[in-house]
Amino acid sequence: MPKQYETVLVVDAMIPDESIASEFDAVSKLIESQGKVIRVDRWGKRRLAYPIRKKSHGEYAAFYYEADSALPSELENRLRINENVLRWLTVVDNPCGIPPAPAPDGAPLVEVAEDKSKEGDD
């Protein structure tokens with residue numbers, strides 16, 4: 001039975017933009033070959049908190065997907081040998097579900113109303 005996974009990936013931001021896009025496409029294709037990509041969020045270039053392999057900036061992306069338990073280990077094995085990938089983190093089955101996509105600039109924020117009908121019913 002497939003589980004939901006989230007993988008955050010940091011790629012070296014000093015490589016050409018086409019190479020960065022191809023790195024993210026390769027990850028998406030690997031996930032699609034054995035599972036289902038739900039959403040990919042590209043966070044863009046950000047300064048790293050500390051240097052990694054003498055790099056100070058990274059390009060971030062978050063992949064949300066459903067797959068069997070063998071896919072994350074295969075994905076991490078491929079990321080480990082890729083010299084353009086600086087860091088990655090995979091987590092399983094977020095109990096809160098996949099967060100909604102960020103609203104476009106200028107769009108109003110939607111607040112989720114909490115169910116207060118059960119409070120104070122003693």
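Contact is taken here to mean heavy atoms within 4.5 Å. On that basis, residues 24 or more positions apart supply 71% of the contacts in the protein with a separation of 6 or more. The model is a predicted one, in which local features need pLDDT of at least 70, side-chain atom pairs count only at pLDDT 80 or more, and totals for chains, interfaces and linings use all residues. Residues are numbered from 1 along each chain as its sequence is written, and side-chain values use heavy atoms, with hydrogens and water left out.

Two helices and four strands make up the secondary structure, where helices (H or I, at least four residues) and strands (E, at least two) are DSSP runs numbered from the N terminus. Along the sequence these elements follow the pattern β-α-β-β-α-β. Of the 122 residues, 33% count as buried, with buried meaning under 20% relative accessible area, exposed over 50%, and partly exposed in between (1.4 Å probe, protein chains only). The accessible surface comes to about 8,600 Å², and carbon and sulfur atoms hold 52% of this area; the areas come from the Shrake-Rupley method with a 1.4 Å probe, and for residues only the protein chains shown count as cover.

Turning to the sheet, the four strands form an open arrangement in the order β2-β3-β1-β4, with antiparallel pairing. Two strands are said to pair if DSSP finds at least two bridges between them. The edges are taken by β2 and β4, each of which has a single partner strand, so one side of each is left without a neighbour in the sheet. Direction ignored, neighbouring strands are turned by 15° against each other on average; axes are lines fitted to C-alpha atoms, for helices over the stretch in contact, and angles run from 0 to 180 degrees between N-to-C directions.

The pairings can be followed strand by strand. Strand β2 (residues 35–52) is joined to β3 by 12 bridges, and D41 has A62 of β3 as its bridge partner. Strand β1 (residues 3–12) pairs with strand β3 (residues 55–67) over 10 bridges in the antiparallel sense. Here L9 is bridged to A61 of β3, while Q4 stands opposite E66. On β4 (residues 85–92), β1 has an antiparallel partner over seven bridges. In that pairing L9 stands opposite W88, and Y5 has V92 as its bridge partner. Eight of the 10 residues of β1 are buried, so this strand is largely enclosed by the rest of the structure.

Strands β2 and β3 also form a hairpin with two residues between them. K54 counts as exposed because its relative accessibility is 82%. Within β2 itself lies G44, which counts as buried because its relative accessibility is 18%. G44 and Y60 are 16 residues apart in sequence, yet their C-alpha atoms are 5.5 Å apart in space. Residues up to four places away in sequence not counted, G44 touches G58, E59 and Y60.

The helices complete the picture. Helix α2 lies across β1, β3 and β4 and runs at about 170° to β4. The axes of helix α1 (residues 17–34) and helix α2 (residues 70–81) come within 11 Å and cross at roughly 155°. That angle makes α1 roughly antiparallel to α2, given that angles under 35 degrees count as roughly parallel, over 145 as roughly antiparallel, 65 to 115 as roughly perpendicular and the rest as oblique. The contact is made by V27, L30, I31 and Q34 of α1 together with L71, E74, L75, R78 and L79 of α2. Also in helix α1 is S28, which counts as buried because its relative accessibility is 18%. Leaving aside neighbours within four places in sequence, S28 is in contact with V37, V40 and F63.
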